[in-house]
Amino acid sequence: MNMEIDQHVISWPCFSEYEIVTAPNGKRYIRPTEKSTAYRFHYRVEREQRVIDAVNVGMLVLGQKSEAVIEKAVLEFVTKYGLLGLMTALPNSPDYMEYEVTFLPKNRFIRERSMKTDAYQKLFFPFHDLQKMRAKLEQEPDWKDPDSCLEWQMLMSLSDQPEGVMMTALREYAEPYDWVVDQLKDWAYMVSSCYFFYKDGFITDLKLRISMQEGMEAYGGIAPSYIILLREKPTLWWHFHSLHQCIHLTLSFMLADENNPLRMCKYCKKIYLAGTTEDEWFCSEKCKNAYEENGDQ
Ligand SMILES: [Zn+2]
């Protein structure tokens, strides 16, 4: 079954440079730097490569690489693709800003099942006044400032979206660093669990099999809404409201794809896309040669 995902319309906000800063609440956050410029890219572009990149940053965390290595990889990832949009990904509806209380289905970051919407949004705007940020959505840009115009254009491109989505496009929007790292790690865990589960045929150790199956069940997601378009063939058209949703769903499709497009390099253990190299077991010729020379790392 090939479930095509199509989504041309939505572009995602991104800034040219990000930094990790400790907020007044004591948590470390990732946010665009002051001098960064706003731009946007389409969800559809590099959709699979984006998943691979996200998973490979997570693999560094699973591989217990040093904090410096992980931080660098996380910053490279967000600089390329933007923040995950967790503020809209966690509530049960992207329209949560219309309500005083935000409902949160089970997730790994916030234990409460509901929170006052102000308090919830403040988790993502720890450096700024929330009311001013909301007012910014209505403001005209400073026409003399090219950066302000670019940011405004980006907001306008999202103007048919719920306000909660537009707010994730503001320069002042930030995400807790630990949450981003944990999310990337979860995606890597999903891929490596699948890989080891099927690597040597079906696992015969019943206890191990059940524990891996149960572990995987914890990683379901909230499906974004969709419509069916009648084109040359019926096509599912998804309404993504965050980069997180887009990656999570694309990854889930890739894991369930019978063609098994995700491969783990036998040498460097990086995840790569099947068909991108000639060999089925290695991400590159270099890794293949290194494996033949040195064996398993
Ligand atoms: Zn490799």
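User: Which residues does isoleucine 30 touch, not counting residues up to four places away in sequence?

Analyst: This is a predicted model, where local features need pLDDT of at least 70, side-chain atom pairs count only at pLDDT 80 or more, and totals for chains, interfaces and linings use all residues. Residues are numbered from 1 along each chain as its sequence is written. A contact requires C-beta atoms, placed from the backbone, within 7 Å. Leaving out residues up to four places away in sequence, isoleucine 30 touches Tyr18, Ile20, Val78, Leu83, Ala174, Glu175, Tyr177 and Val180.

User: At what angle do H1 and H8 pack?

Analyst: Helix H1 covers residues 47-62 and helix H8 residues 177-199, with their axes (lines fitted to C-alpha atoms over the stretch in contact) 7 Å apart. Angles run from 0 to 180 degrees between N-to-C directions, and the value for H1 and H8 is about 95 degrees. H1 is therefore roughly perpendicular to H8 (65 to 115 degrees; under 35 is roughly parallel, over 145 roughly antiparallel, the rest oblique). To restate the angle, it is about 95 degrees.

User: Which residues of H8 meet H1?

Analyst: From H1, the contact takes Ala54, Val55, Val57, Gly58, Met59, Val61 and Leu62. Facing them in H8 are Val181, Leu184, Lys185, Trp187, Ala188, Tyr189, Val191 and Ser192.

User: How far apart are the axes of H8 and H10?

Analyst: Helix H10 spans residues 243-256 and packs against H8 at an angle of about 5 degrees, which means that H8 is roughly parallel to H10. Gln183, Trp187, Met190 and Cys194 in H8 meet His244, Ile247, Leu251 and Leu255 in H10. The distance between the axes of H8 and H10 is 11 Å.

User: Which residues of H10 make the contact with H1?

Analyst: The axes of H1 and H10 cross at roughly 95 degrees and come within 10 Å; the two helices are therefore roughly perpendicular. H1 brings Arg47, Glu48, Arg50, Val51 and Ala54 to the contact. H10 brings Ile247, Thr250, Leu251 and Met254.

User: Is asparagine 260 buried, exposed or partly exposed?

Analyst: Asparagine 260 sits in the loop between H10 and strand E11 (262-264), and its phi is near 50 degrees, positive in a residue other than glycine. Burial counts other C-beta atoms, placed from the backbone, within 10 Å: buried at 20 or more, exposed at 12 or fewer, partly exposed in between. Because 13 such atoms lie within 10 Å, asparagine 260 is partly exposed.

User: What is phi of lysine 269?

Analyst: Lysine 269 lies in the loop between E11 and strand E12 (271-273). With 17 other C-beta atoms within 10 Å, lysine 269 is partly exposed. Its phi is a positive value in a residue other than glycine, near 65 degrees.

Notes: Helix = DSSP H or I, 4+ residues; strand = E, 2+ residues; numbered from the N terminus. Contact = placed C-beta atoms within 7 Å.
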